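Let's walk through this chain together, from its overall build down to a few side chains. Have the viewer open as you read.

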Amino acid sequence: MTIAGCRQAAQPLPSGPASGTGWEVRYNAVLALAHRGSDKFLDPVVQDLVKEMLDEEQQLRNFRATLKSGQEVVDAQAARTAILGALNAVKDFHAKKPNADVSGLQPAIAKLTQGQNQFLAKEARQLSDVLAVPNPK
């Protein structure tokens with residue numbers, strides 16, 4: 001997502017809390033459910049976690065780096081990589097379970113299509129298009 005040899009300026013942490021302790025483990029569990037096509041991916045608690053994973057502001061709060069000076073800043077590349085992982089997980093789940101209702105994720109995906117990160121916006125638009133195609137029952 002970054003151009004080789006280019007460095008981004010350190011970004012201060014956005015206001016608001018990071019996700020609760022253990023978010024990395026919960027996120028990995030959600031990704032595993034999606035990639036396996038598990039029906040548990042449709043559980044409302046899991047769907048809420050997916051929405052959180054697709055929330056760019058939340059991920060910018062979660063992913064942090066510490067500079068040599070000790071200042072804590074956003075690790076934007078890691079945050080956006082996590083969002084891309086969530087988008088791909090939804091895509092994988094949909095491929096395995098095309099008739100499953102994941103419409104509750106559409107607002108979070110739509111928000112990403114309007115984001116400033118062009119790569120994530122493009123990926124979110126592609127996922128939206130895939131999810132919009134009706135599947136024969």
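Among contacts in the chain between residues at least 6 apart in sequence, what percentage join residues at least 24 apart? The figure is 65%, where contact means heavy atoms within 4.5 Å.

A word on the ground rules before going further. This is a predicted model, in which local features need pLDDT of at least 70 and side-chain atom pairs count only at pLDDT 80 or more, while totals for chains, interfaces and linings use all residues. Residues are numbered from 1 along each chain as its sequence is written, and side-chain values use heavy atoms, with hydrogens and water left out.

Now for the overall build. The chain has six helices and three strands, taken as DSSP runs numbered from the N terminus (helices: H or I, at least four residues; strands: E, at least two). Along the sequence they follow the pattern β-α-α-α-β-β-α-α-α. Of the 137 residues, 37% are buried (under 20% relative accessible area, with exposed over 50% and partly exposed in between, using a 1.4 Å probe and protein chains only).

Next, look at two of the helices. The axes of α1 and α4 lie 7 Å apart, at an angle of about 30 degrees; axes are lines fitted to C-alpha atoms over the stretch in contact, and angles run from 0 to 180 degrees between N-to-C directions.

The aromatic rings come next. Rings of Phe, Tyr and Trp (its six-membered ring) pair if their centres lie within 6.5 Å; planes under 30 degrees apart count as stacked, over 60 as edge-to-face and the rest as tilted. By this rule there are three aromatic pairs. W23 and F63 are edge-to-face, with 4.9 Å centre to centre and 75 degrees between the planes. Because W23 sits in helix α1 and F63 in the loop between α3 and β2, this pair ties together parts that are 40 residues apart in sequence. W23 is buried at 10% relative accessible area, and F63 is also buried, at 18%. Ring pairs link W23, Y27 and F63 into a cluster.

The rings of F41 and F93 have centres 4.5 Å apart and planes at 35 degrees, so this pair is tilted. F41 lies in the loop between α1 and α2 and F93 in helix α4, 52 residues apart. Both are buried: F41 has a relative accessible area of 1%, and F93 of 0%.
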